[in-house]
Amino acid sequence: MITIRAATHAHLDVLVPLVDGYRRFYHQPGDVDGARRFMSERLVKGDAHVLLALDDDDHAIGFAQLFPVPSTTSLASRWILNDLFVIPEARRQGAGSALLEAARERAHTHGVSQLMLRTQVDNETAKARYHALGWQRDAVFDTYLLTI
């Protein structure tokens with residue numbers, strides 16, 4: 001059974017390898033120290049909601065990170081599910097779905113009416129899971145990035 005917990009600073013040591021694995025999945029170089037600094041800052045500032053997936057043996061196998069952002073069009077807050085990662089050996093066991101459901105529940109508890117996420121265009125496995133859980137692809141807005 002997968003257990004989802006809100007991560008705290010006490011979870012930093014088990015969270016860092018997950019964050020580093022997530023970055024590597026997206027073809028970034030490993031940077032354990034950078035991941036530790038970044039996640040420590042999130043947990044200290046409290047500017048993100050970090051969820052941790054644990055297996056039956058209480059080993060950390062995945063995480064999700066949500067960032068609140070104001071939405072002028074809805075005159076409310078929406079959350080961006082910015083990061084979702086499950087270690088390869090624990091995939092297809094329900095951890096990703098459990099993290100997505102926990103994110104939905106947490107947003108609902110905080111009065112947030114909308115979650116957003118982005119994924120790579122060719123990430124068909126993730127897109128199928130999002131669709132199965134009720135997420136809808138935005139056909140109205142395109143995403144543009146400007147590297148500074």
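Trp 135 counts as buried because its relative accessibility is 18%, where buried means under 20% relative accessible area, exposed over 50% and partly exposed in between, using a 1.4 Å probe and protein chains only. Tyr 130 is buried too, with a relative accessible area of 11%. Before we go on, please keep in mind that this is a predicted model, in which local features need pLDDT of at least 70 and side-chain atom pairs count only at pLDDT 80 or more, while totals for chains, interfaces and linings use all residues. Residues are numbered from 1 along each chain as its sequence is written, and side-chain values use heavy atoms, with hydrogens and water left out.

Let us stay with the rings for a moment. The structure holds 5 aromatic pairs; rings of Phe, Tyr and Trp (its six-membered ring) pair if their centres lie within 6.5 Å, and planes under 30 degrees apart count as stacked, over 60 as edge-to-face and the rest as tilted. One of the pairs joins Tyr 22 and Tyr 26, which are edge-to-face at 5.2 Å centre to centre, with 70 degrees between the planes. The rings of Tyr 130 and Trp 135 have their centres 6.2 Å apart and their planes at 50 degrees, so that pair is tilted. Tyr 22 counts as buried at 14% relative accessibility, whereas Tyr 26 counts as partly exposed at 24%. Tyr 22 and Tyr 26 also belong to one aromatic cluster with Phe 25, Phe 63 and Phe 85. Another ring, that of Phe 38, has the charged end of Arg 42 over it, 4.6 Å from its centre; the criterion is NZ of Lys or CZ of Arg within 6 Å of the ring centre and within 35 degrees of the ring normal.

Now for the sheet. Its 5 strands form an open sheet in the order β1-β2-β3-β4-β5, with mixed pairing. Helices (H or I, at least four residues) and strands (E, at least two) are DSSP runs numbered from the N terminus, and two strands pair if DSSP finds at least two bridges between them. The edge strands are β1 and β5 (115–117), each pairing on one side only.

Strand β1 (residues 3–6) runs antiparallel to β2, joined by 4 bridges; Thr 3 has Leu 54 as its bridge partner, and Ile 4 has Ala 53. β2 also pairs with strand β3 (residues 60–71) in the antiparallel sense, over 6 bridges, and here Ala 53 stands opposite Gly 62. The hairpin of β2 and β3 has 5 residues between the strands, and in this hairpin Asp 58 takes a positive phi near 65 degrees.

Finally, turn to the helices. Helix α1 (residues 12–25) lies across β2, β3 and β4 (76–86), running at about 75 degrees to β3; axes are lines fitted to C-alpha atoms, for helices over the stretch in contact, and angles run from 0 to 180 degrees between N-to-C directions. Helix α3 (residues 95–109) contains Ala 103, which is buried with a relative accessible area of 0%. Leaving aside neighbours within four places in sequence, Ala 103 is in contact (heavy atoms within 4.5 Å) with Leu 51, Leu 66, Leu 81 and Leu 115.
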